[in-house]
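Please look over the sequence and the structure shown here before reading on.

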Amino acid sequence: MKAYGLAYSASGVWLVLVCVWLSDYHWYKALSVGTWGFLTVEAMTMLPVLLSLFLAELSARASRKSTRSG
C-alpha cells in the first residue's frame, strides 16, 4: 500500500505543477493550439501519472509474491 500512496502523491504533485507552473510557458501553449494539440498536452500531462500507477502496481505485485513465497 505504500507504493500506491507514493504514486498518488507524486501524481498529485505532478498535476499541480502542470496546472500552476507548466501551463504558463509559451511552448506549452503553442503545443496545445496545433492540430493534435489536445492529444499532445494530454499525453504530457497523463503519461507520468499512468506510469507511476503502473510502477506502483508492479511493486505491489512483487511484494505480494515475495510475502506468499517467503
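## Where H2 meets H3

In this predicted model, the residues Trp27, Tyr28, Leu31 and Ser32 of helix H2 are in contact with Gly37, Phe38, Thr40, Val41, Met44 and Thr45 of helix H3.

Helix H2 covers residues 26-33 and helix H3 covers residues 37-69, and their axes come within 6 Å of each other and cross at roughly 130°.

## How H1 packs against H3

The axes of H1 and H3 lie 9 Å apart, and the two helices pack at an angle of about 175°. An angle over 145 degrees counts as roughly antiparallel, and H1 and H3 are therefore roughly antiparallel to each other.

On the H1 side the contact is made by Ala3, Tyr4, Ala7, Tyr8, Ser11, Trp14, Leu15 and Val18, whereas the residues contributed by H3 include Met44, Thr45, Val49, Ser52, Glu57 and Arg64. The residues of this contact of H1 with H3 divide into 14 nonpolar, four polar and two charged.

## A closer look at Ser11

Is Ser11 buried or exposed? Ser11, which has its place in helix H1 (residues 2-20), has a relative accessible area of 7%, and because buried means under 20%, Ser11 counts as buried. When its neighbours within four places in sequence are left aside, Ser11 is in contact with Val49 and Ser52.

Note on methods: Residues are numbered from 1 along each chain as its sequence is written. This is a predicted model: local features need pLDDT of at least 70, side-chain atom pairs count only at pLDDT 80 or more; totals for chains, interfaces and linings use all residues. Side-chain values use heavy atoms; hydrogens and water are left out. Axes are lines fitted to C-alpha atoms, for helices over the stretch in contact, and angles run from 0 to 180 degrees between N-to-C directions. Helices (H or I, at least four residues) and strands (E, at least two) are DSSP runs, numbered from the N terminus. Contact means heavy atoms within 4.5 Å. Buried means under 20% relative accessible area, exposed over 50%, partly exposed in between (1.4 Å probe, protein chains only). Angles under 35 degrees count as roughly parallel, over 145 as roughly antiparallel, 65 to 115 as roughly perpendicular and the rest as oblique. Ala, Val, Leu, Ile, Met, Phe, Trp, Tyr, Cys and Pro count as nonpolar, Asp, Glu, Lys and Arg as charged, and the others, Gly among them, as polar.
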